[in-house]
Amino acid sequence: MDNATGTRRGFLRAAGMAGIAGWAGLRAGGQAPVPAVRAARPRQKIILDVDTGTDDAVALMFGALHPDLELVGATTVNGNVGIEFTTENTLRVFDHIGVKVPVYRGMGSPIVRSDFPTPRSGGSAFHGQHLDLPAARSRASDTDAVDFLIQTYSRPEAREIILVPVGPLSNVAMALKRAPRILENLTEIVLMGGAHDMGNVTASAEFNVWADPEAAQVVFRSGVAKLTMVPLDATHKAQVSREDSARLRALGTPAGTAAATFIDRRIQGYMEYDRQARAAAPVHDALAVASIVNPAVISTVEANVDVETEGPLTVGRTVLDRRTRSNAKPNARVALGADEPLFVRMLLETLGRTAPAAGA
Ligand code: BDR
Ligand code: CA
């Protein structure tokens with residue numbers, strides 16, 4: 001990914017300068033100088049837009065704990081569960097792992113429809129309502145999520161912040177509709193959503209896109225400079241097994257233990273509802289975040305992607321023009337493959353970390 005390459009390039013430049021300074025000191029006959037300022041690898045800033053849920057929870061922990069990422073905020077949206085639950089669950093996750101990341105409550109319904117395209121089928125086996133964590137001690141910001149996105153991306157410094165939506169795209173689309181000028185600074189989106197070969201909520205559609213198809217259409221038609229889509233096609237190729245989950249639990253960290261609990265629940269859900277033979281589950285949203293740190297965890301093709309908002313059988317479908325049947329230019333890099341062992345290794349390494357002590 002260009003952005004990650006840019007980050008690495010910056011790091012190498014800084015490291016090179018420190019190296020030259022040290023070499024000059026030795027030539028002058030002194031001891032190897034301790035650099036006054038260590039060349040630290042700049043962290044990639046991200047904002048996660050979440051409908052927390054079990055896999056969002058793993059993505060949040062990954063984003064908050066990975067040393068190459070700086071999670072500057074989380075915005076919540078209606079999705080896996082209602083907005084009051086997705087907001088409370090997001091706060092619970094951050095409290096549990098001991099990080100202070102601002103949380104902004106967002107849209108409680110799709111941008112056009114008064115509810116989901118078809119009625120919701122009740123509670124979810126994969127997510128429950130409240131995550132299995134103690135009630136949150138911290139509170140959401142008084143600023144609304146859409147206002148936060150508009151304020152943030154109105155500033156040129158925000159060009160460094162990748163927006164990572166892993167729920168229905170209601171907040172992002174509403175921000176774009178209210179303030180289209182933010183596209184000057186909102187230059188990169190990496191989203192989990194969509195499906196090419198398989199749906200999960202219907203035969204055609206993936207949940208995040210299906211849950212607010214008009215919003216997804218706004219995002220895919222927005223012209224954002226870089227758009228990466230991580231659909232079910234990739235996430236189902238990077239599953240976390242029962243054995244992997246046991247290894248996460250054995251890490252003994254708050255993040256490892258919580259992730260194992262959530263993933264076990266997901267595995268149970270997939271075995272019951274998908275009649276999946278293998279005891280393993282995709283952790284969709286975490287794969288999207290992992291791909292920002294290491295693009296090799298997914299493999300992508302470029303294509304034009306648009307969203308069906310009308311078809312009775314196909315509403316919420318992401319339509320990939322893989323053979324350029326239309327004249328539309330590619331507007332997205334679409335992940336169709338994933339490296340499962342690498343993804344699992346990244347989860348183990350990242351969720352084995354604990355939050356730095358306050359003030360450290
Ligand atoms: C997506 O929908 C939600 O259920 C998950 O959190 C994930 O973002 C998968 O279709
Ligand atoms: Ca999600």
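Q: Which residues of H3 are buried?
A: This is a predicted model. Helix H3 spans residues 83–97. Eleven of its 15 residues are buried, so H3 is largely enclosed by the rest of the structure. The buried residues are Phe-85, Thr-86, Thr-87, Glu-88, Asn-89, Thr-90, Leu-91, Arg-92, Val-93, Phe-94 and Ile-97.

Q: How far does H3 reach from its first C-alpha to its last?
A: H3 has 15 residues. At 1.5 Å a residue, 21 Å is expected. The model comes close to that, with a reach of 22 Å.

Q: Which elements do the buried residues of H3 pack against?
A: Both strands and helices take part. The strands are E1 (44–50), E2 (69–76) and E3 (103–105). The helices are H2 (54–65) and H10 (254–273).

Q: Which residue just after H3 takes a positive phi?
A: Most residues other than glycine have a negative phi. The residue here is a glycine, with phi of about 75°. It is Gly-98.

Q: Which residues is Met-61 in contact with, leaving aside its neighbours within four places in sequence?
A: Met-61 belongs to the largest nonpolar core, which has 103 residues. Met-61 is among the members that touch the most others, together with Leu-48, Val-164, Val-230, Ala-259, Leu-287 and Ala-288. Two of its contacts, Val-93 and Ile-97, are buried residues of H3.

Q: Which residues are closest to ligand 1?
A: The shell around ligand 1 holds 13 residues. H2, helix H6 (207–211) and helix H11 (284–293) each give two or more residues to it. By class, the shell has three nonpolar, six polar and four charged residues. The closest are Gly-53, Asp-55, Glu-206, Phe-207 and His-284.

Q: What is the omega of the peptide bond from Thr-52 to Gly-53?
A: Gly-53 sits in the loop between E1 and H2. Most peptide bonds are trans. The bond from Thr-52 to Gly-53 is cis, with omega near -20°.

Q: Is Pro-168 buried or exposed?
A: Pro-168 lies in the loop between strand E4 (161–165) and helix H5 (170–178). Leaving aside neighbours within four places in sequence, its contacts include Asp-51, Val-77, Pro-110 and Asn-208. The cut-off for burial is 20 or more other C-beta atoms within 10 Å. Pro-168 has 31, so it is buried.

Q: How far apart in space are Pro-168 and Met-107, C-alpha to C-alpha?
A: The two are 61 residues apart in sequence. In space, their C-alpha atoms are 9.7 Å apart.

Q: Which residues of H7 are buried?
A: Helix H7 (residues 213–220) is mostly covered, with seven of its eight residues buried. The cover includes H5, strand E5 (188–192), H6, strand E9 (298–307) and E11. The buried residues are Pro-213, Ala-215, Ala-216, Gln-217, Val-218, Val-219 and Phe-220.

Q: Which residues does Ala-260 touch, not counting residues up to four places away in sequence?
A: Ala-260 lies in helix H10. Ala-260 counts as buried, with 22 C-beta neighbours inside 10 Å. Its C-alpha is separated by 9.3 Å from that of Val-58, 202 residues apart along the chain. The residues Ala-260 touches are Ser-245, Leu-248 and Arg-249.

Q: Is Thr-324 buried or exposed?
A: Thr-324 is found in the loop between strand E10 (318–321) and strand E11 (332–338). Thr-324 has a positive phi of about 45° although it is not a glycine. Its count is 11 other C-beta atoms within 10 Å. The limit for this class is 12 or fewer, so Thr-324 is exposed.

Q: How many C-beta neighbours does Asp-321 have inside 10 Å?
A: Asp-321 is placed in strand E10. Leaving aside neighbours within four places in sequence, Asp-321 is in contact with Ala-303, Asn-304, Ser-326 and Ala-328. Asp-321 counts as partly exposed, and its number of C-beta neighbours is 16.

How values were computed. Residues numbered from 1 in each chain as written. Chains lettered and ligands numbered in written order. Predicted model: local features only at pLDDT ≥ 70, side-chain atom pairs only at ≥ 80, totals over all residues. Helix = DSSP H or I, 4+ residues; strand = E, 2+ residues; numbered from the N terminus. Expected span 1.5 Å × (residues − 1). Contact = placed C-beta atoms within 7 Å. Near = placed C-beta within 6 Å. Nonpolar A, V, L, I, M, F, W, Y, C, P; charged D, E, K, R; others polar. Core = buried A, V, L, I, M, F, W, Y, C linked by C-beta atoms within 7 Å.
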